[in-house]
Amino acid sequence: EDALRRAVERRGSHATPVLDIGAGTGLLAMYAARCSSNDPVWACEMSEPMVEIAAEVLAANKLSARVSLLAKHSDDLRVAPRHSDDLRAALALGGDSMCLDEKTLSVGVLRERVQVIVTETADCGLLGESMMPSLRIAAHNLLATDGQTMPCNAQVHALLVHSPILRSQGRVNEKALSGVIMSPAVTLIPQDPYLCEYL
């Protein structure tokens with residue numbers, strides 16, 4: 001929360017919209033909402049059960065009106081075009097009588113680029129849950145040019161271990177590599193197995 005508060009304070013009187021990626025229970029989004037009483041805060045979460053829990057947590061903390069909860073993966077979010085006619089065309093509203101703001105939120109279109117993107121999607125191996133690719137896409141599509149991501153860097157500590165059992169399970173999520181070239185001996189899979197749970 002202190003790091004978020006410092007990021008907001010550095011902006012001074014400028015607006016500091018915040019996006020929480022992989023919001024889970026909405027903890028970081030709530031911290032962001034407490035740091036600034038007027039700036040938009042969005043929280044996206046792709047797991048429907050977690051979205052329901054986050055909605056309950058936000059309501060219990062009286063922050064439902066401050067945090068816009070989006071049941072979307074961050075890769076599916078977009079920033080609204082500047083003109084409402086362009087936005088209506090982009091959303092293909094046609095004769096839909098739904099309020100533009102409600103429709104915008106329901107399809108995952110943010111009203112503006114955000115100044116801060118926060119996430120806690122790092123797992124024990126850092127590269128799991130596709131954190132790096134998701135942050136890279138979000139920074140390109142959703143972050144203002146002078147914005148920042150939190151975390152913005154990380155340190156990885158490694159220990160070499162010889163284990164035939166672990167070696168047989170040596171699989172890596174290809175999307176999580178973010179351009180890193182792996183040995184041909186490593187099997188690439190579509191999702192991360194959580195082998196650390198068995199250690």
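I began with Lys62, which sits in the loop between helix H3 (48-60) and strand E3 (67-70), where helices (H or I, at least four residues) and strands (E, at least two) are DSSP runs numbered from the N terminus. This is a predicted model, in which local features need pLDDT of at least 70 and side-chain atom pairs count only at pLDDT 80 or more, while totals for chains, interfaces and linings use all residues. Residues are numbered from 1 along each chain as its sequence is written, and side-chain values use heavy atoms, with hydrogens and water left out.

I noted that phi of Lys62 is near 55°, a positive value in a residue other than glycine. Lys62 counts as exposed because its relative accessibility is 72%, given that exposed means over 50% relative accessible area, buried under 20% and partly exposed in between (1.4 Å probe, protein chains only).

I next looked up Ser37, in the loop between helix H2 (27-35) and strand E2 (41-44), and found it exposed as well, at 54% relative accessible area.

Last, I checked Pro151, in the loop between strand E7 (143-150) and helix H7 (164-168), and recorded that the peptide bond from Met150 to Pro151 is cis, with omega near 5°.
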